[in-house]
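Let us walk through this structure together, one part at a time. Please have the sequence and the 3D view open as you read.

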Protein chains: 2
Amino acid sequence: MNKNFDEPLCVQCNQDFKTIFHKLTPEQLEYLNNVKSCTVVKKGRILYEEGNRISGIFCINKGILKVYKTGVEGKEQIIKFAKPGEVIGYRSVINGEPACTSVKILEDAVLCHINSQDLYHLLKENAEFGIELLQIACKELGEANNYITDIAQKSVRERLAEILLHLKDEFGINEEGLINISLTREELANIIGTATESVIRLLSEFKTEGLIELQGRKIKLIDLNKIKKISNVF
Amino acid sequence: MNKNFDEPLCVQCNQDFKTIFHKLTPEQLEYLNNVKSCTVVKKGRILYEEGNRISGIFCINKGILKVYKTGVEGKEQIIKFAKPGEVIGYRSVINGEPACTSVKILEDAVLCHINSQDLYHLLKENAEFGIELLQIACKELGEANNYITDIAQKSVRERLAEILLHLKDEFGINEEGLINISLTREELANIIGTATESVIRLLSEFKTEGLIELQGRKIKLIDLNKIKKISNVF
DNA sequence: TAGCAAAAATAATAATTATCAGCTATTTAA
DNA sequence: TTAAATAGCTGATAATTATTATTTTTGCTA
């Protein structure tokens, strides 16, 4: 994966994904490269759980992660998915609080860990970097506000249509047109806040109506316009 | 209100509420005081609307503001209330996007406006200030995640109980024990994402069950323990 | 302070969604 | 490779919540 072994990994990662680190000076990137620690984490592993103290942030080089909260009676609520180029855990580090979400690896991942102190070192040295992280936080905040409005106002059917469109945009499709993420019906239900059975029912309705095709957990969107219409997104 | 007319308003405001500006140097506070513009805004006025370009952030010195999005078919979704010491509009300024929420004045307000350029000037000059704003954003993000989980998983009854407790915590109670914020039933419905009639019905159920007392729009919580039990918050 | 408009309350009905139970298919791990 | 576990599916039923319509109350202002 590393095209040029003379370049520090962080420089390359940054080039590939345009991470939050792209405002760092070459020296600061070098510093980052020296203090970070990189690990391979297998699918299925839980990186950290809600309530844990975490020692730093994770920068994702490879893989897909599920970020979720545990709500009423242990029910999982998926907050977001994280993918290469994104950073997770900064909320807890910045606020000095225990993690407010759990993170599970959905697809084998390569993660770089940056200690809180090292992060703070960079934040204090480079105001532009702080602004960069602030922009990420603000972007997520805007997305969260949209999420709130959707869950509060839309029906389960509308939300399912919307989430299918989102997943397609976020993860893209493969050669066969299938969305590049494998989620169980239960996970889909835990994104939109409904019962697993409802998702199953609605998916087969969508299929019957010719809106989608199903191949196990993989989904192909056939009639984008109708799906958009159902989702109420414009 | 200004106890000492020798001190710039921003210094006093900062002392009263411990705003995001408390990491600024005295010179920077002085600068802020010179570039900000303060206005009195009457109850009922709309400060800005979703989609507007806003020229800066607002720091609240006095009043209560309602921050909301317009969702499906124009239905209002209340995202949060803002009160003295808080700052609004920073999300849009930081991301250089149009406002993603509308803001309405619920109680006569005194607002200080700070231009985007002036904000950026401070952000670039003082990394600590950036971290401070980042902390605010992260705090709001954490709250938004909780909000998502609640709306997605709890019943309307649970959410109503929870929001009553929240409002009491956030705005406090007066001598008579009434929560210090006046919301219409419709606004309560627009916080928890339900129909106005449902809120009306549940409030009168709560009243019948001896959990609350109602005096017009003012609400008094009688049996906190039972309300907590209903809300499923621990 | 009468008159009006907005908000609140109530009831009946309809629609949506959850829950439960039982079954089949698919993965996973021994 | 097979057993066990997990996930997926379907139907029946129950519960919750939305919608509609109507009446009453409240608060505002002319």
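Predicted model: local features only at pLDDT ≥ 70, side-chain atom pairs only at ≥ 80, totals over all residues.

Residues are numbered from 1 along each chain as its sequence is written, chains are lettered from A and ligands numbered from 1 in the order in which they are written, and side-chain values use heavy atoms, with hydrogens and water left out.

Start where the chains meet. Here 40 residues of chain A are in contact with 40 residues of chain B, contact meaning heavy atoms within 4.5 Å. The size of an interface is often given as the accessible area lost when the parts come together. Chain A and chain B bury about 3700 Å² between them, and 72% of this is on carbon and sulfur atoms; buried area is the accessible area (1.4 Å probe) that two parts lose on being put together, summed over both. On the chain A side, the residues that lose the most area to chain B are Leu134(A), Ile148(A) and Gln153(A), which together make up 17% of what that side buries.

What kinds of pairing cross this interface? Between chain A and chain B the count of salt bridges is zero, a salt bridge being a side-chain nitrogen of Lys or Arg within 4 Å of a carboxyl oxygen of Asp or Glu. Ten residue pairs are in polar contact across the interface of chain A and chain B, with both residues at pLDDT 80 or more. A polar contact is a pair of N or O atoms within 3.5 Å; within protein, one must be able to donate a hydrogen and the other to accept it, and residues adjacent in sequence count only if both atoms are side-chain atoms.

Which elements of chain A supply at least two residues each to the side that touches chain B? They are strand E4 (76–82), helix H3 (90–95), helix H4 (116–125) and helix H5 (127–153). Helices (H or I, at least four residues) and strands (E, at least two) are DSSP runs, numbered from the N terminus. H5(A) gives the most to this side, with 21 residues. By class, the side of chain A that touches chain B has 19 nonpolar, twelve polar and nine charged residues. In this scheme Ala, Val, Leu, Ile, Met, Phe, Trp, Tyr, Cys and Pro count as nonpolar, Asp, Glu, Lys and Arg as charged, and the others, Gly among them, as polar.

Now look inside chain A. Its domain assignment gives domain 1 (10–150) and domain 2 (154–231), with bounds that come from an automatic or database domain assignment. The centres of these domains, taken over C-alpha atoms, are separated by 27 Å. In chain A, 14 residues of domain 1 are in contact with 14 residues of domain 2. The two domains of chain A bury about 1200 Å² between them, 51% of it on carbon and sulfur atoms. In domain 1, Phe81(A), Lys83(A) and Asp150(A) lose the most area to domain 2, together 44% of what that side buries.

Between domain 1 and domain 2 of chain A, the count is three salt bridges. Asp150(A) also has a side chain that meets that of Lys154(A) in a salt bridge (3.5 Å, N to O). Nine residue pairs are in polar contact between domain 1 and domain 2 of chain A, both residues being at pLDDT 80 or more.

In one of them, the side chains of Asp108(A) and Lys42(A) meet at 3.4 Å, N to O. Asp108(A) lies in strand E6 (residues 102–115) and Lys42(A) in the loop between strand E1 (37–41) and strand E2 (46–48) of chain A, so the pair ties together parts that are 66 residues apart in sequence. Asp108(A) counts as partly exposed at 32% relative accessibility, and Lys42(A) counts as exposed at 53%. Buried means under 20% relative accessible area, exposed over 50%, and partly exposed in between (1.4 Å probe, protein chains only).
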